Amino acid sequence: MVKKLFLLLFYTLFFIMAVLYFAPKANIYYFAEQQLQKQGIIINDEALDDKGFTFEINHATLYVKKIESAKIEKITMHFLLLYNDIQVQDVVLSDMASMFVPLHVKSLFLTYSVLHPFHVKGKSSGAFGKADIDINLAKKVLHIVLKPSKEMLLHYRNTLRNMKKDKNGGFVYEQSF
C-alpha cells in the first residue's frame, strides 16, 4: 500500500515536472507580448532561449507608447509552478529619464509564490542604490522602499523630494495601477 502511494506521488510529480519542462514557453511569451502590446508596451529585437525550466530573453529593447524606454541585456525566468522568479540584468534606461533617476539598473529580481498569491516581492540594485519592491496584486499597489546611493542623494534630490522618507533613512514610493 505504501509502495503504491509512493509510486502514485512519484508519477504525479514526474508528470507535472515534464509538463513544465516541455511547455511551449516561447508561445506563452508571444501571447504575453500581445497582451502587453494592448497596454502600449512592446519588447523588440529580443533573442529567445528555452532551457527547460528556464526561459531567457536576451538583448531586448523596451518601448512604452512607441517611445524607446530601456535596453535590457538579459531576462531569465524560472518556472517551477509553486515558486516562479524573474531576473533582469543590466538595464539601461532611455536618456529621457536622466533628469529623474540614474540610467543604469544592475539587477532586478522578482519572485512569486503560491504561498502568497497576491504579492510579488522583489529587490533591485543599480546606480540609484538598492530597492525593496512589493506588488500587491489584490489592491493593485506598487510599494518601493529605496535606499539611495550617494549619486542619487547628490544629483536627484527633486526625485527624492517626491517620495516619503521612512524611519530607516530610506525613501518610500507607492503607486496604484
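Strand 8 and strand 9 run antiparallel and are joined by eight bridges. Helices (H or I, at least four residues) and strands (E, at least two) are DSSP runs, numbered from the N terminus, and two strands pair if DSSP finds at least two bridges between them. The structure is a predicted model, in which local features need pLDDT of at least 70 and side-chain atom pairs count only at pLDDT 80 or more, while totals for chains, interfaces and linings use all residues. Residues are numbered from 1 along each chain as its sequence is written, and side-chain values use heavy atoms, with hydrogens and water left out.

On one side of the pairing scheme, K130 has K147 of strand 9 as its bridge partner. Strand 8 also pairs with strand 7, again in the antiparallel sense and over eight bridges. Strand 7 and strand 8 form a hairpin, with two residues between them. The hairpin of strand 8 and strand 9 has four residues between the strands. Six of the eight residues of strand 8 are buried, so this strand is largely enclosed by the rest of the structure. Buried means under 20% relative accessible area, exposed means over 50%, and partly exposed lies in between (1.4 Å probe, protein chains only).

In general, side chains of opposite charge can pair when their charged atoms come close. A salt bridge is defined here as a side-chain nitrogen of Lys or Arg within 4 Å of a carboxyl oxygen of Asp or Glu, and the structure holds eight of them. One of these joins D134 to K121, with the closest N and O atoms 3.5 Å apart. D134 is buried at 17% relative accessibility, whereas K121 is partly exposed at 44%. Another salt bridge is formed by D132 and K123, whose closest N and O atoms are 2.9 Å apart. D132 counts as partly exposed, at 26% relative accessibility, and K123 as exposed, with a relative accessible area of 53%.

What does K25 form with D50? The two residues form a salt bridge, with 3.5 Å between the closest N and O atoms. K25 lies in helix 2 (residues 25-38) and D50 in strand 2 (residues 47-51), so this pair ties together parts that are 25 residues apart in sequence. K25 is buried, at 4% relative accessibility, while D50 is partly exposed, at 39%. Salt bridges also link D49, K51, E56 and K74 in a network.

H59 has a positive phi of about 55 degrees although it is not a glycine. This residue is placed in strand 3 (residues 54-64), and H59 is partly exposed, with a relative accessible area of 48%. K140, also a residue other than glycine, has a positive phi near 55 degrees. K140 sits in the loop between strand 8 and strand 9 (141-148), and at 46% relative accessibility it counts as partly exposed. This brings the view back to the hairpin of strand 8 and strand 9, where K140 takes its positive phi.
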